[in-house]
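Q: I am new to this structure. Please take one part of it and walk me through that part closely.

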Amino acid sequence: MQKYLYLIIISFSLTSCYTYQVKKQPDITTDNKQGQKKTPELANNTSTQLQNVAAQPAAPVNIQEKLAPNKNVKIDVDGKSYKIIVDRWESDSLVAHAVYNPKKVLKFHKNQINSEKIAEKRFSQPIADIITVTVYAGIGVLIWALVH
């Protein structure tokens with residue numbers, strides 16, 4: 001029983017509540033389509049708004065704003081993923097270092113980086129909740145095993 005307890009403790013110490021998540025851009029067309037289902041008057045207004053949005057060019061994503069200094073991100077460069085911490089921008093080149101190897105300096109041109117796959121390291125509440133419930137259940141089982 002005691003070795004199982006040690007295994008559980010070790011497995012939870014290796015689990016992280018932080019994950020890399022791609023920040024999603026708000027989808028204006030989906031919101032407008034949902035509004036069309038509500039009332040006919042809103043449908044006319046939203047279709048006019050949708051035409052105005054379609055006529056405007058999409059706002060380009062500024063990769064230098066997404067990759068600000070000291071951010072912990074996961075980027076995709078020429079089909080290969082890198083977990084990096086951003087150091088600085090030198091003209092059009094990103095200077096960063098690997099998360100697990102701070103001495104390894106990496107340099108990428110902004111055109112090499114896939115801006116749609118930039119994932120920031122963020123706290124994941126669902127993972128934290130799962131770990132918490134599992135730990136409480138484990139404590140309950142341990143108390144039950146000790147009592148019986």
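A: Start with a side-chain pair: Glu-120 and Lys-71 are joined by a polar contact of 3.5 Å. The model is a predicted one.

Glu-120 belongs to strand 6. Is Glu-120 buried or exposed? Its relative accessibility is 16%, and buried means under 20%, so Glu-120 counts as buried. Leave aside the neighbours within four places in sequence, and Glu-120 is in contact with Thr-19, Tyr-20, Gln-21, Lys-23, Lys-71, Asn-72 and Val-73.

Now move along the strand. Arg-122 also has its place in strand 6. Arg-122 has 30% relative accessibility, so it counts as partly exposed. What does Arg-122 touch, not counting residues up to four places away in sequence? The list is Cys-17, Tyr-18, Thr-19, Gln-21 and Lys-23. Take Gln-21 from that list. Along the chain, Arg-122 and Gln-21 are 101 residues apart, yet 6.7 Å separates their C-alpha atoms.

Next comes the partner strand. Strand 6 covers residues 119-123 and pairs with strand 2 in the antiparallel sense, over two bridges. Which residue of strand 6 stands opposite Lys-74? It is Ala-119.

Val-73 lies in strand 2. With a relative accessible area of 0%, Val-73 is buried. Its contacts, leaving aside neighbours within four places in sequence, are Tyr-20, Leu-67, Tyr-82, Lys-83, Ile-84, Val-86, Ile-118, Ala-119 and Glu-120.

Strand 2 has another partner. Strand 2 (residues 72-77) and strand 3 (residues 80-90) run antiparallel and are joined by six bridges. Val-77 stands opposite Lys-80 in strand 3. Strand 2 and strand 3 form a hairpin with two residues between the strands. Asp-78 in this hairpin takes a positive phi near 50°. So strand 2 pairs with strand 3 and also with strand 6, given that pairing takes at least two bridges.

Step back to the protein chain. How many helices and strands does it have? There are five helices and six strands. From the N terminus on, the elements run α-β-α-α-α-β-β-β-β-β-α. The chain has 148 residues, and 20% of them count as buried. Among contacts with a separation of 6 or more, 53% come from residues 24 or more positions apart.

Val-135, Tyr-136, Ile-139, Ile-143 and Val-147 make a nonpolar surface patch of about 500 Å². Val-135 is found in helix 5, which covers residues 125-147. Val-135 has 32% relative accessibility, so it counts as partly exposed. Patch residues need over 30% relative accessible area, so Val-135 clears that cut-off.

Methods:
Residues are numbered from 1 along each chain as its sequence is written. This is a predicted model: local features need pLDDT of at least 70, side-chain atom pairs count only at pLDDT 80 or more; totals for chains, interfaces and linings use all residues. Side-chain values use heavy atoms; hydrogens and water are left out. Patches are made of residues with over 30% relative accessible area and no salt bridge: like charges are joined within 9 Å, nonpolar side chains (Val, Leu, Ile, Met, Phe, Trp, Tyr) within 5 Å. Accessible areas come from the Shrake-Rupley method with a 1.4 Å probe; for residues, only the protein chains shown count as cover. A salt bridge is a side-chain nitrogen of Lys or Arg within 4 Å of a carboxyl oxygen of Asp or Glu. Helices (H or I, at least four residues) and strands (E, at least two) are DSSP runs, numbered from the N terminus. Buried means under 20% relative accessible area, exposed over 50%, partly exposed in between (1.4 Å probe, protein chains only). Contact means heavy atoms within 4.5 Å. A polar contact is a pair of N or O atoms within 3.5 Å; within protein, one must be able to donate a hydrogen and the other to accept it, and residues adjacent in sequence count only if both atoms are side-chain atoms.
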